[in-house]
Amino acid sequence: MTTKTSSYLTHFRNIGIAAHIDAGKTTTTERILYYTGRTHNIGEVHDGAATMDWMEQERERGITITAAATTAKWTRSGQEYVVNIIDTPGHVDFTIEVERSMRVLDGAVAVFDSSQGVEPQSETVWRQADRYGVPRIAFSNKMDKTGASFELVLNDIRERLGAIPAPIQYPMGQENEFKGIIDIVRQRAYTYTNDLGTDIEEHDVPAEFADKVTEMRAALIEAAAEVDEDLMLKYLEGEEPTIEELIKAIRKGTIEKRIFPVLCGSALKNKGVQLLLDAVVDYLPSPLEVPAIRGHLEDSEETRDYPADPDGKLAALAFKIMADPYVGRLTFVRIYSGTLQSGSYVYNASKGKRERVGRLLKMHANSREDVTELKAGELGAVIGLKDAGTGNTLIGDGDEKVLLESIDVPEPVIKL
Ligand code: GDP
């Protein structure tokens, strides 16, 4: 499945951030966009005012809140990753929209308020993610808040969601005392040294947490061994896995939905979401690691699978329509297979219509980029499609007529 041309996909993460209202989805998303922002070099922005200005501007322009898919970049161990963030509405009224977004993302970050634990809407979204087989990691946010408790979140994941949490981090202090995060896998501690969260100091695990970390790491290795044979062999021999081996096994367990890594932090106080971004890269799947989308041949029982391959036949799904005051109708699409070219003709298999693709856009946190093509695994917006609606399948002009599995629910055009 992994051909030479599609190897770029290894470095793609298409994710959604899901949360109960008020748990901190917006704050977390803004911080992620801040750190991954193309024109905002972390080193250049050191004073709080500049950051807040930037966030306010973003808020006014509404891009971070309303773009159905935002493309960001994150560098991990010298490798650049593309992180596409797909908007997943938190409000319960938007259940259908959440379901629709579940279809186009490959992994999710569930944000919890650590003073509230797992709240009803998080539970709903978790079940939807289960239904769509979406691998996920959990982020226990607001560790600085009065009443914050990492244990509460872990217990709630167990009791309310019926999942077995695998904490891969541990907070150094809680509530007012929250100072930083311990990475259980690496056995390293990270303390934020400024309010912006841009400066992180890495250091040894403080002695007071050493026993706890040893105990948690042993439990993590045990859980990881359950899903990875090589690790199990080592475990039975009493050998320590390397950090890479442990990450690989947790990653496998996460993608198979047998392990749910849990992280912690405060998107507001320390604002550092770098460790969260690292975890997105480390544990959530690339488009090559999720099952291929299935299409149904028209008037037939036959199906076709479309693995992520830019050289394959075009298979794309329109998942959100927005009316933009400047460019008109924007059709957000996910390309599963093949390559969508600007200026080309596509066939809307849902409507039975041939349509011309005008411009193609990638939406970034603070800019829009005109591109000539969108390849398998990518998300972006099409200008020029007149008839495409939410849930419509787009295929190559002249290709056999196939409808992708989707949820067809009528939806009004959202005005920006
Ligand atoms: P959303 O409804 O999930 O998008 O939540 P928001 O991001 O809008 O956050 C809701 C409220 O919680 C806002 O007042 C935020 O300032 C606050 N908040 C978000 N993250 C944190 C955090 O880490 N700690 C604390 N103390 N408050 C937070």
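Author: A nonpolar core is a set of buried Ala, Val, Leu, Ile, Met, Phe, Trp, Tyr and Cys residues joined through side-chain atoms within 4.5 Å. The model discussed here is a predicted one.

Reader: How many residues has the largest nonpolar core, and which have the most contacts inside it?

Author: The largest nonpolar core comprises 69 residues, and V109, F112, I137, I157 and I250 have the most contacts inside it. Apart from this core lies another, of 29 residues, including V104, Y306, F319 and L330.

Reader: With which residues is F112 in contact, leaving aside its neighbours within four places in sequence?

Author: Among the contacts of F112 are A23, W126, F139, V153, I157 and L161. The list also includes G117, S122, S140 and N141.

Reader: How are two packed helices described?

Author: One states the angle between their axes and the distance between the axes. In this model, helix 7 (residues 207–227) packs with helix 9 (residues 243–255) at an angle of about 60°, and their axes are 9 Å apart. The two helices are therefore oblique to each other. Helix 7 passes helix 9 in a left-handed crossing.

Reader: Which residues of helix 7 and helix 9 meet?

Author: From helix 7, R217, L220, I221, A224 and V227 meet I243, L246, A249, I250, K252 and G253 of helix 9. By class, this contact has eight nonpolar, one polar and two charged residues.

Reader: Why is helix 10 largely enclosed by the rest of the structure?

Author: Buried means under 20% relative accessible area. Of the 10 residues of helix 10 (residues 274–283), 10 are buried, so the helix is largely enclosed by the rest of the structure. Among these buried residues are Q274, L275, D278, D282 and Y283.

Terms used:
Residues are numbered from 1 along each chain as its sequence is written. This is a predicted model: local features need pLDDT of at least 70, side-chain atom pairs count only at pLDDT 80 or more; totals for chains, interfaces and linings use all residues. Side-chain values use heavy atoms; hydrogens and water are left out. Buried means under 20% relative accessible area, exposed over 50%, partly exposed in between (1.4 Å probe, protein chains only). Helices (H or I, at least four residues) and strands (E, at least two) are DSSP runs, numbered from the N terminus. Contact means heavy atoms within 4.5 Å. Axes are lines fitted to C-alpha atoms, for helices over the stretch in contact, and angles run from 0 to 180 degrees between N-to-C directions. Angles under 35 degrees count as roughly parallel, over 145 as roughly antiparallel, 65 to 115 as roughly perpendicular and the rest as oblique. A crossing is left-handed if the near helix is turned anticlockwise from the far one by less than a right angle, and right-handed if clockwise. Ala, Val, Leu, Ile, Met, Phe, Trp, Tyr, Cys and Pro count as nonpolar, Asp, Glu, Lys and Arg as charged, and the others, Gly among them, as polar.
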